[in-house]
Amino acid sequence: MSLRPEANGTAAARRDFVLLGFSGWPRGLRAGLFALGLPLYAATLAGNLLIVGLAAAERALRTPMYFFLGALSAVEVAYTLVLTPRALVGFLLPPGGQPLPPAACAAQMGLFVALGGTECLLLAAMALDRYLAICRPLRYPQLVTPGLCWRLLAGCGAGGAGLALGLTAAIFRLPFCRGRRVNHVFCDLPALLALACGDKALQERALLAACLLLLVLPLALILLSYARVLATILRAAAGEGRRKALATVTSHLTVAVLHYGSATAMYARPLEGRSLEHDKLVSLVYIYLTPLLYPAIYTLRNHDMQSALRRALDRALRQRH
């Protein structure tokens, strides 16, 4: 093996993956999508950071529900930081794509799975919290303590990280003998599996198990919890409390349907016969649109959040004057 620097550099380049992104699309279309995606990304970051800041600063929001909502928004900020800048760069790539070292590709995949998995589990924890608050109101203060909230958050993070580590290690054990041109905007699992050869049965089973643990089981818990919650709310007398509880539940259900729906459309499908071009288009939805809808739903439909935002704006205006 040659020890010349240029030879070593060439060998390293051959081991790099190449993210194709949208480099094959017409330049004008890519420029238009970049111009659309950048403000959407800025609005998503601003909305989620606003929720994190309000949940941390406002005394009225220091309850378990807003603890989990702030944690969900913080995870969403990290999730978009991992995916969206790379996706935006994907609109500007030259025709050959962008080289990416294997370690960077594995790190991106691992972070994506870990944060997405944590988000799935957090949505289930939020459903459990709402079930206990509405269906077990007398025991709720004793059951849902700050310590339990932090333990649930740590468990969600550990669950997402553990699955990410296992999936990433399983996929990067495979030989990539079908080239290293990744037809996606980031190092996604199906796009990399399409480049691997050999026996991929273990990796496909691992992906199926991850879908079961992160999508099917949490969604079943969410639907069961909210079915009980809705039944309890509808039995209660009409009034402001009932309206507020219904608004909270419908907001949470809307976010859950958006999140699990887009994730199921992407990953709970057989690897054979998949269209990577179709997957790349679907990725625009869960990279740009659904993260933007989450803070909009939680702030526009939540009276407590609106009140906290007004108080924060009033304080800021008084400080300026």
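In this predicted model, helix α4 (residues 102–135) packs with helix α8 (residues 201–235), their axes 9 Å apart and at an angle of about 20 degrees. Angles under 35 degrees count as roughly parallel, and α4 and α8 are therefore roughly parallel to each other. The crossing in which α4 passes α8 is left-handed. On the α4 side, the residues that make the contact include G117, C120, L121, A124, L128, R130 and Y131. On the α8 side, they include L214, P218, L221, I222, Y226, V229 and I233.

R130 has a relative accessibility of 12%; buried means under 20%, so R130 counts as buried. Once neighbours within four places in sequence are left aside, R130 is in contact with M65, C135, Y140, Y226, V229, T248 and H252.

The next topic is the aromatic residues. A search of the whole structure gives ten aromatic pairs. One of them joins F22 and W25, with ring centres 4.5 Å apart and planes at 65 degrees. Planes over 60 degrees apart count as edge-to-face, so the F22 and W25 pair is edge-to-face.

F22 is also paired with F91. Here the ring centres are 5.0 Å apart and the planes are at 15 degrees, so this pair is stacked, the cut-off for stacking being planes under 30 degrees apart. The F22 and F91 pair links distant parts of the chain, 69 residues apart. F22 lies in the loop between β1 (17–19) and α2 (27–57), while F91 lies in the loop between α3 (64–90) and β2 (98–100). Both residues are buried: F22 has a relative accessible area of 0%, and F91 has one of 2%. Together with W25 and Y288, F22 and F91 form one aromatic cluster.

Charged side chains also sit over aromatic rings. The ring of F22 has the charged end of K280 over it, 5.4 Å from the ring centre.

Definitions and conventions: Residues are numbered from 1 along each chain as its sequence is written. This is a predicted model: local features need pLDDT of at least 70, side-chain atom pairs count only at pLDDT 80 or more; totals for chains, interfaces and linings use all residues. Side-chain values use heavy atoms; hydrogens and water are left out. Rings of Phe, Tyr and Trp (its six-membered ring) pair if their centres lie within 6.5 Å; planes under 30 degrees apart count as stacked, over 60 as edge-to-face and the rest as tilted. Buried means under 20% relative accessible area, exposed over 50%, partly exposed in between (1.4 Å probe, protein chains only). Helices (H or I, at least four residues) and strands (E, at least two) are DSSP runs, numbered from the N terminus. A charge sits over a ring if NZ of Lys or CZ of Arg is within 6 Å of the ring centre and within 35 degrees of the ring normal. Axes are lines fitted to C-alpha atoms, for helices over the stretch in contact, and angles run from 0 to 180 degrees between N-to-C directions. Angles under 35 degrees count as roughly parallel, over 145 as roughly antiparallel, 65 to 115 as roughly perpendicular and the rest as oblique. A crossing is left-handed if the near helix is turned anticlockwise from the far one by less than a right angle, and right-handed if clockwise. Contact means heavy atoms within 4.5 Å.
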